[in-house]
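Please look over the sequence and the structure shown here before reading on.

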Amino acid sequence: MTDPFASPRAAYVHVPFCRHRCGYCDFPLIAGRDDLIGEYLKALELELATVEGRPEIDTLFYGGGTPTHLPPVKLRSLFALLRRTFALAADAEVSVEANPLDLDDQRIAVLVEAGVTRVSLGAQSFDASSLKVLERDHCPEDIADVTARLGRQGLCNRSVDLIFGVPGQSLPQWVQSLDAAVSLGVEHISTYGLTYEKGTSFWKRRDRGGLNPVEEETERAMYAAAMDLLPAAGFEPYELSNFARDQFRCRHNQVYWQGASYFAFGPGAARYVGGIRSTNHRSVTTWLKRVLAGVSAIAESEELTREQRARELVMLGLRQTVGIDVSEFAERTGFPLRELAPAAFDRFIADGLMEEGGGHVRLSREGRFLADTVIAEFL
Amino acid sequence: MSPEFIRNFSIVAHIDHGKSTLADQLLLRTGAITEREFKEQLLDDLDVERERGITVKARAVAIDYIPDAERWPGLAAHLKCAAKPGKPPTFELNLIDTPGHVDFHYEVSRSLAACEGALLLVDAFQGVQAQTVANAYAAVEAGLEIVPVINKIDLPVTRIDEVLDEIETVIGLDATDALMVSAKQGIGIEEVFEAIITRIPPPQGDPKAPLRALVFDSKYDTFRGVITYVRIMEGTLKKGEKIRFMKGGTVHDALEVGRFRPGMEPCNSLGPGQTGYVITGVKEVVHVHVGDTLTMQGEQAAVALPGYKQPQQMVFCGMYPTDATDFEKLREELERMSLNDASFSFSPETSDALGFGFRCGFLGMLHMEIIQQRLEHEADVGLIQTAPNVTYEIKKQRTGEVLHIDNPVDVPESGDIEEFREPIARVNFILPSSNIGIIMQLCEDRRGTYKATEYLGPDRAQLIYELPLAEIIYDMHDKLKSATRGYGTMDYDIIGFRPADLVKLDIMVKGVKVEALAMIVHRDFAERRGRQLVKRLKKEISKHQFEIALQAAIGTRVIARETISALRKNVTAKCYGGDITRKRKLLAKQKEGKKRMKQFGQVEIPQKAFLSVLEAGNEE
Ligand SMILES: Nc1nc2c(ncn2[C@@H]2O[C@H](COP(=O)(O)OP(=O)(O)OP(=O)(O)O)[C@@H](O)[C@H]2O)c(=O)[nH]1
Ligand code: SF4
Ligand SMILES: [Mg+2]
């Protein structure tokens with residue numbers, strides 16, 4: 001099992017650029033400031049220089065923002081920087097998040113050349129009206145086009161992200177999006193319920209009554225539809241929001257969920273090294289200034305106690321479909337699972353939100369709808 | 001020090017008319033504090049005072065004043081003393097800054113008993129307000145020399161001539177010699193000093209007579225025990241001697257004697273007219289009664305001083321620890337609070353719903369808020385506070401026994417009640433004449449009885465109503481302020497209990513009666529209050545895995561109902577970019593919030609909901 005103190009075999013790189021900040025998005029990024037890309041690469045190089053030696057890793061993930069927003073030349077430099085920092089294991093997974101419209105043939109060629117193995121597309125929806133509300137710049141047809149072109153270039157580990165609970169979205173529209181995603185022939189699908197984050201324009205618009213969140217009951221039905229339709233189409237759920245065909249689970253994300261260690265670079269990036277969780281400054285300009293000035297980019301860091309590590313592991317474990325291996329958990333953390341919240345544990349089992357079986361404890365189907373309620377009790 | 005050169009005075013006024021700011025100036029001018037130590041409203045040193053910008057506790061301070069040498073001959077002529085020195089002597093001025101808010105009026109009364117004079121501050125624009133009247137009357141009653149002071153003359157708009165008229169017509173004081181001051185800009189401060197030494201009489205009292213000292217306040221200090229605030233009437237209080245509290249009957253050593261300058265400064269003795277403190281090593285404030293008389297052991301000649309009327313608690317609420325194991329800790333904290341504040345009371349009570357807690361009594365709503373805030377700041381105890389209520393009287397059927405009810409839970413079955421009585425207050429409003437109509441309407445809506453109107457000037461009037469206390473304490477002041485755009489003020493006095501058609505309104509949450517949410521209301525308002533309340537609760541209680549019925553009932557009759565639907569989905573998406581800490585903190589916060597909740601049957605009710613009983617009334 002994974003040891004958080006072992007030297008990381010995974011790395012995350014945050015690329016904080018987008019053409020436009022979507023109304024619901026609160027990720028660390030700076031939109032419309034492509035002039036900073038050069039500085040960013042310079043700073044990233046400095047941050048990467050803190051890694052000693054050239055360790056070997058199994059998974060590398062470029063997230064954002066939109067990594068593919070970088071012009072091909074810059075994208076090439078980015079990949080080169082990382083190649084200099086890390087050695088990739090023979091079967092390494094290298095993922096890149098991408099926006100459908102960005103992936104022209106030239107960029108796809110750059111990805112292939114750099115050894116990218118997996119592309120995660122911010123498709124979000126297959127109905128034009130939802131895409132408009134979400135302020136995305138692509139149309140449904142673009143998604144099919146780009147997945148086909150990726151396939152032709154040999155990139156056959158493709159994921160699409162879908163968002164449900166978009167204001168104005170109906171249940172049938174959502175089911176259509178799911179169907180459309182399935183018929184693309186991709187290998188992996190993630191479904192996210194839209195959340196309203198403080199500081200976003202969606203948050204303000206909702207508060208002022210300009211944006212109507214969908215009814216809770218509809219949202220539940222949408223999530224249920226994903227849980228029913230995707231497995232039927234051959235996509236097995238392995239985490240609350242993630243479904244994959246055989247062999248195509250995202251290995252990098254599983255590193256997070258298993259409580260293993262990982263490196264991270266870029267604004268807002270969160271790492272777990274030597275038992276310490278730390279997060280970089282979220283403001284792109286602050287991160288730039290600090291790194292270029294030779295000061296640490298870390299905004300917060302926390303060394304978890306044994307008990308905190310155990311509780312965190314419950315949070316991560318319950319989100320996974322396999323659940324938590326009870327004896328392994330006790331052995332690894334030193335805490336019997338139930339002991340962390342005995343009353344809640346018994347109540348959730350009795351209410352049928354959690355179930356035991358095969359030496360595992362996991363969320364029941366009903367429990368998945370109320371995952372946060374259940375997990376909070378263990379923290 | 002010879003009493004001839006001592007002056008004892010209070011500064012009294014309506015709230016915010018500038019008492020504490022004037023005290024700052026007096027301290028600054030005499031060098032009692034330096035510019036460097038200075039901060040605004042220096043004497044307001046409690047956290048709550050600094051946060052709210054108001055005075056809550058009366059504060060005594062002794063300052064030395066030496067008159068200007070050139071002006072001295074002129075002043076000396078007016079001085080009421082035997083020998084008039086050719087050189088300006090040093091005067092000891094004992095100043096007591098008092099609170100202006102109605103809840104703390106008793107602090108004013110007891111400060112006055114330690115003084116020979118009072119500076120009555122009146123805002124140059126706002127003029128005479130309800131508390132100006134109440135405090136001026138209290139000073140007159142205590143037989144003090146009153147020096148009217150018009151403050152804030154620097155304001156861009158003032159009504160000085162009208163304000164002087166108001167002082168004469170409303171309060172009946174001669175305003176010819178009123179002083180013109182700006183406490184903020186330091187204008188007219190020298191004249192204030194001169195008026196203090198020439199117009200306020202020096203204290204009387206023979207330093208050789210048996211000791212008689214008035215205990216006018218006390219404070220508890222964790223390290224030194226009880227600090228007793230005294231004003232010497234006769235005799236001399238010397239360090240090291242044995243002293244006796246006449247009412248308490250206990251004898252102690254005067255371990256330390258001193259004065260407030262403004263910090264505690266030890267000295268060897270306090271003579272007649274002086275104000276200061278004595279530390280006796282007493283650890284429990286119960287042995288020190290405010291209003292008691294201090295004397296020397298053995299000198300039996302002394303007759304006790306009149307003392308004070310005990311302040312009456314009018315507002316009650318329950319306070320429960322969120323975590324039952326904190327009960328003892330909460331008791332200690334409440335004890336500590338009451339050591340410093342004799343007007344706050346508490347006694348243990350149990351509730352089916354909330355477990356073990358305390359019923360606490362306060363002088364008014366502000367007093368309650370302040371104690372609650374101090375408990376939260378100074379003690380680390382999670383609190384559930386029930387909605388406040390006034391005290392009631394119930395005369396029982398058959399036996400004729402009279403119950404004093406300060407908790408709705410104690411209301412007997414309606415069949416056992418012969419008469420239900422509530423406290424009535426006589427309310428004095430001072431307001432612009434143009435607002436009389438709207439305030440009368442407000443009083444009529446709240447079961448008021450009209451008494452009188454008096455015009456104070458071309459456009460100001462005094463309006464007097466009798467109103468049930470329950471109808472005014474919660475929000476009358478806010479309503480008045482908003483109806484008069486801040487120009488109206490009010491003051492009230494309890495005049496007694498009167499019968500009314502009152503009922504107990506019960507609240508049921510998923511079939512479980514929550515006693516802590518019960519309240520006493522007038523039958524005519526019960527349905528409306530019930531509806532507001534369940535609506536409000538619906539907002540406060542978060543969704544559960546099941547449906548929750550909320551009902552308001554009188555006896556067995558349900559008069560209002562709301563339903564909270566079941567929680568159907570609560571799962572957020574990904575831990576983006578591996579930021580697991582953020583996700584964990586978010587969920588941990590959700591759990592933290594639950595700590596402040598209480599379980600009733602299967603339902604978790606947040607602490608805030610218990611106060612919604614009060615807020616529901618505000619949403620008319
Ligand atoms: N313009 C002006 N403002 C003043 C003057 N004196 C006091 N103030 C302001 O009036 C406000 C209230 O002053 P305080 O000294 O706190 O009043 P207070 O009478 O002690 O109030 P309570 O203790 O709460 O009853 C503050 O904002 C002061 O700055 C003055 O002479 N001129
Ligand atoms: S494209 Fe993605 S990362 Fe960029 S603003 Fe939109 S949602 Fe956020
Ligand atoms: Mg004050």
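Which residue of S19(B) does Phe316(B) stand opposite? In S19(B), that residue is Gly361(B). This is a predicted model, in which local features need pLDDT of at least 70 and side-chain atom pairs count only at pLDDT 80 or more, while totals for chains, interfaces and linings use all residues. Residues are numbered from 1 along each chain as its sequence is written, and chains are lettered from A and ligands numbered from 1 in the order in which they are written.

**Strand S17 of chain B**

- Strand S17 (residues 315-321) of chain B is largely enclosed by the rest of the structure, because seven of its seven residues are buried (a residue is buried if 20 or more other C-beta atoms, placed from the backbone, lie within 10 Å of its own, exposed if 12 or fewer, and partly exposed in between).
- From S17(B), Val315(B), Cys317(B), Met319(B) and Pro321(B) point one way, whereas Phe316(B), Gly318(B) and Tyr320(B) point the other way.
- S17(B) pairs in the antiparallel sense with strand S19 (residues 355-362) of chain B over five bridges, where strands are DSSP runs of E with at least two residues, helices are runs of H or I with at least four, and both are numbered from the N terminus; two strands pair if DSSP finds at least two bridges between them.
- Strand S21 (residues 389-390) of chain B runs antiparallel to S17(B) and is joined to it by two bridges, with Asn389(B) as the bridge partner of Phe316(B).
- Three bridges join S17(B) to strand S20 (residues 383-385) of chain B, also in an antiparallel run, and here Tyr320(B) stands opposite Ile384(B).

**Chain A**

- Chain A has 15 helices and 17 strands, and 47% of its 379 residues count as buried.
- In helix H10 (residues 284-292) of chain A, the residues Val284(A), Trp287(A), Leu288(A), Arg290(A) and Val291(A) are buried.
- These buried residues of H10(A) pack against strand S3 (30-31), helix H1 (37-48) and strand S13 (276-280) of chain A, and H10(A) is followed by Gly294(A), whose phi is positive, near 80°.
- An open sheet of three strands in chain A has the order S15-S17-S16 with antiparallel pairing, and its edge strands, S15 (324-325) and S16 (354-357), each pair on one side only.
- S16(A) pairs with strand S17 (residues 360-363) of chain A over four bridges in the antiparallel sense, and Gly357(A) stands opposite His360(A) in S17(A).

**Contact between the chains**

- The contact takes 36 residues from chain A and 21 residues from chain B, two residues being in contact if their C-beta atoms, placed from the backbone, lie within 7 Å.
- The side of chain B that touches chain A has eight nonpolar, seven polar and six charged residues, where Ala, Val, Leu, Ile, Met, Phe, Trp, Tyr, Cys and Pro count as nonpolar, Asp, Glu, Lys and Arg as charged, and the others, Gly among them, as polar.

**Ligand shells**

- Of the 21 residues around ligand 1, Gly18(B), Ser20(B), Ile54(B), Thr55(B) and Gly100(B) come nearest, a residue being near a molecule if its C-beta atom, placed from the backbone, lies within 6 Å of it.
- Helix H1 (residues 19-29) of chain B gives the most to the shell around ligand 1, with three residues, and by class this shell has six nonpolar, 10 polar and five charged residues.
- The residues around ligand 2 include Cys18(A), Arg21(A), Cys22(A) and Cys25(A), and the shell has five nonpolar, five polar and one charged residues.
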